[in-house]
Amino acid sequence: MAADSPQDFRLRLRRDGNALIAWFRDKWTRRWFRWLLALILAGFLGLFLIWAIFARDLPSVDQLRDYEPPLPTMVRDGEGRPVHSYARERRVQLDYDEFPPLLIRAFLAAEDKTFFEHGGIDYPGIASAILTNLTNSGRPVGASTITQQVAKNLLLTNELSYRRKIREAILAMRIESALSKERILELYLNEIPLGRRSFGVQAAARAYFDKDIDQLALHEMVFLAILPKAPEKYGRARFEQDALGRRNFVLSSMEKNGWITTAQRDAARAMPLGLTGSGNRAVEQVGGYYMEEVRRQLIAEFGETAEDSPYSVYAGGLWVRTPYNAQMQAAAAKALRRGLIRYDAGKGWSGPVAKIEADDQWASRLASTFISIDYDDWRIAAVLSKSGNEARLGFSDGSTGILPSSAAGMIYRKTGGSAFSAMRPGDMIAVKATGNDRYALRNIPEVSGGFLAESPVSGRIFAMQGGFDVHLSPFNRATQAERQPGSTIKPFVYATALDNGMTPATLIVDGPFCVYQGARFGNKCFRNFGGAAGAGQHTMRWGLEQSRNLMTVKTASQVGMEPIVETIRNMGIGEHEPYLSTALGAGSTTVEKLVNAYAMLVNHGRQLKPRLIDYVQDRRGKVIFPRNWKACDGCNMKDWDGRPMPRFAPTGKQVMDPMTAYQTVHMLEGVVQRGTATRLRDIGVPMFGKTGTTSGPKDVWFVGGTPEVVAGVYLGFDQPRNMGGYAQGGSLAAPIFKQFYEEAVSDPQPIPFAAPKGIRMVRIDRRTGRRVYGSWPGSDPKSSIIWEAFKPESEPRRTIREEEIRPTRPARRQDAPVRQENRRRSDSDFLEDRGGII
């Protein structure tokens with residue numbers, strides 16, 4: 001049949017339209033039709049208004065499918081143990097299968113018994129809540145299901161209004177259609193706020209009971225289940241009876257539902273709450289300055305909050321592996337603190353740490369300062385009042401104590417009067433308990449300093465102490481304080497000389513040395529430390545061992561300051577000016593930079609970058625820092641496959657000749673054996689190092705170590721001033737290093753410093769630098785014959801002159817017996833004793 005023409009189609013359309021209009025006019029005359037139409041329009045208008053008012057700007061439920069909650073950053077030590085966390089909230093994420101079934105039932109009994117049956121909204125509960133609210137003028141009650149609580153906690157705010165409740169209900173229905181019941185429960189149990197800054201049941205279990213959830217007893221599980229109703233109430237001691245009543249009600253509900261037996265209910269009801277103080281000892285918060293420096297570096301790399309980066313420190317859930325060594329850190333903190341106290345002893349009380357208002361709000365004021373101390377059993381207290389011979393003290397936890405005037409017997413160093421009479425209400429002071437709520441005054445040393453220990457193989461930082469206590473002063477003097485290095489810079493002056501044709505046996509005159517500085521300034525004359533007179537001609541080794549300033553500046557003048565400051569720059573110490581005073585440590589650097597430079601000497605001049613962070617993983621375990629990180633294939637094999645063991649290729653460029661670096665280390669071993677750091681000699685292992693004392697003296701230093709660990713320490717006032725004429729690196733700084741090493745290394749092994757390829761070990765007379773034949777170095781560190789390290793073709797030449805062959809010896813007393821073992825022995829005798837040449 002032929003298709004209708006356009007004209008026929010228009011006629012038919014007009015005819016049908018007229019019929020529809022006629023039908024509508026006919027129906028409109030009937031009342032029921034008008035009411036039905038009005039109801040339909042009202043319904044559509046109501047739906048539109050509901051959408052416009054409540055649902056138009058609701059967040060998408062899709063974000064819950066891959067929801068990533070804010071998680072704290074966890075820090076591990078060198079052995080992989082969690083030792084620190086950066087968190088403003090306690091959070092731990094678990095999978096649904098990891099929650100004990102009894103714990104889930106406890107929450108269902110307390111919050112939503114019909115959870116697995118409803119579609120997101122409990123209509124009978126809503127009706128009951130509406131009835132209650134109409135008859136009650138107090139706070140409105142709700143009937144939120146677990147799904148609605150997920151919607152509120154993760155997608156909405158805590159606004160108290162009917163509008164929020166309606167939006168919550170709409171979202172709950174959407175969530176039920178998008179997620180499984182198990183996923184909804186998993187989100188709920190991980191994210192519900194339960195007080196004590198804890199979110200989720202695992203974090204709360206740690207906060208309230210110091211347990212993991214799989215260790216909780218029934219009564220403890222039920223206690224956690226009652227917290228969503230009033231987390232800040234039930235967790236407080238004064239509301240214990242309310243908490244017990246609510247807990248027992250939930251236990252009865254569980255028994256009625258058949259989830260526990262009557263015997264289980266009765267046994268649980270008989271148990272006390274059993275709450276701990278603050279809990280959460282799963283991660284030991286350690287490290288002080290070390291972990292604070294790690295935090296700074298992480299924030300610089302990833303940001304602080306979720307707004308900064310998905311890998312932020314306080315929300316990204318990072319896992320950070322560090323070289324942190326607990327034993328070394330404890331030894332470093334203890335050694336530096338004792339060194340500071342030792343120097344400060346007898347100087348009197350330095351005054352209050354800070355001040356607060358000593359009013360009725362003193363406890364909160366004291367706590368809000370966040371000033372504390374982690375040393376021995378010292379505490380920070382506020383002086384609340386003074387009466388007669390006693391002062392009343394207050395502590396941040398609200399407790400109080402008494403400070404008798406007899407226990408504050410120091411003088412106040414600023415006035416010369418007694419410390420007790422100088423105290424005023426509001427002063428924050430350090431005290432130590434003596435018993436019966438009585439305390440004795442302690443002094444925070446005014447002098448400070450920094451300490452750092454590093455691996456000379458990898459640059460990994462094992463320990464760091466940036467002052468007396470990070471809670472008193474967060475300024476890290478190991479990484480942030482720029483100080484004059486003093487004589488600790490001298491090894492790099494001599495290393496430059498070794499690169500420019502000199503040797504450890506080169507003779508240098510220890511005598512007057514002046515430089516003309518122009519008509520305005522005239523001559524600048526240098527002198528040895530303490531004004532010691534020149535000692536004549538000696539070897540470079542002797543000049544470094546005895547830290548002779550005149551020999552150092554003469555060497556610098558001969559070599560030129562430009563190559564010396566270039567060496568200092570290449571070793572990462574800093575940008576220094578090419579003045580002769582720089583050769584004596586007039587520039588500035590940090591403990592971290594200087595320790596790293598000494599570690600590079602042990603590393604044969606190969607560049608190291610000091611690092612506190614080995615690598616960073618995101619919450620799923622992917623390494624995201626450093627950028628070029630690669631896994632070591634084969635390093636974690638269970639069994640050896642017969643192939644060569646994995647080897648790490650050397651990293652870092654060569655910034656100093658390896659033989660020069662070793663020669664410098666070898667000379668610095670002499671500083672410990674017979675120089676300015678001989679107090680370290682009795683440790684009994686191969687060790688190198690250099691002391692330093694700056695003008696004033698304002699700073700004292702020691703930097704050195706072994707083939708396994710290099711460490712450095714300085715002491716000085718934050719605002720540099722004279723420390724006293726007796727202050728020297730050998731007497732103040734070196735003992736700190738010694739205490740650190742003895743406590744940090746449990747079983748020290750005598751591992752020698754490895755020499756690079758090409759080094760020639762030659763016997764010389766250490767006083768004259770001449771080559772020695774027929775005699776051998778002894779065990780006495782002050783022996784006239786020593787082994788010296790030379791580059792090829794740089795060692796002293798043979799000679800036929802008797803006075804140059806024979807080593808110099810100290811004059812022998814006329815009545816001293818001639819010892820048989822001191823007779824001259826031939827080289828062949830020596831080699832024969834040792835089984836020949838191997």
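## Overall make-up

The chain folds into 25 helices and 24 strands, taken as DSSP runs numbered from the N terminus (helices are H or I with at least four residues, strands E with at least two). This is a predicted model, in which local features need pLDDT of at least 70 and side-chain atom pairs count only at pLDDT 80 or more, while totals for chains, interfaces and linings use all residues. Residues are numbered from 1 along each chain as its sequence is written, and side-chain values use heavy atoms, with hydrogens and water left out.

Of the 838 residues, 48% are buried, where buried means under 20% relative accessible area, exposed over 50% and partly exposed in between (1.4 Å probe, protein chains only). Take contacts (heavy atoms within 4.5 Å) between residues at least 6 apart in sequence: 69% of them join residues at least 24 apart.

## Nonpolar cores

A nonpolar core here is a set of buried Ala, Val, Leu, Ile, Met, Phe, Trp, Tyr and Cys residues joined through side-chain atoms within 4.5 Å. The largest one has 126 residues, and Leu298, Phe451 and Phe740 are among those with the most contacts inside it. Helix α21 (residues 591-602) gives this core its largest share, nine residues. Apart from it lies another core of 49 residues, including Ala110 and Ile213.

Leaving aside residues up to four places away in sequence, Leu298 touches Thr73, Tyr86, Gly303, Val313, Val320, Ile613 and Val616.

## A five-stranded sheet

Next comes an open sheet with mixed pairing, its five strands in the order β2-β1-β5-β18-β19; two strands pair if DSSP finds at least two bridges between them. At the edges, β2 (82-86) and β19 (623-625) each have a single partner strand, so one side of each is left without a neighbour in the sheet.

Strands β1 (residues 73-76) and β5 (residues 319-321) run parallel to each other, paired over three bridges. One of the bridge partners in β5 is Arg321, which faces Arg76.

## Aromatic pairs

There are 25 aromatic pairs in the structure. Rings of Phe, Tyr and Trp (its six-membered ring) pair if their centres lie within 6.5 Å; planes under 30 degrees apart count as stacked, over 60 as edge-to-face and the rest as tilted. Phe451 and Phe740 have ring centres 4.7 Å apart and planes at 55°, so the pair is tilted. Phe451 sits in strand β12 (residues 448-454) and Phe740 in helix α23 (residues 729-744), 289 residues apart.

Both of these phenylalanines, Phe451 and Phe740, are buried. Ring pairs link Phe451, Phe702, Phe737, Phe740 and Tyr741 into a cluster.
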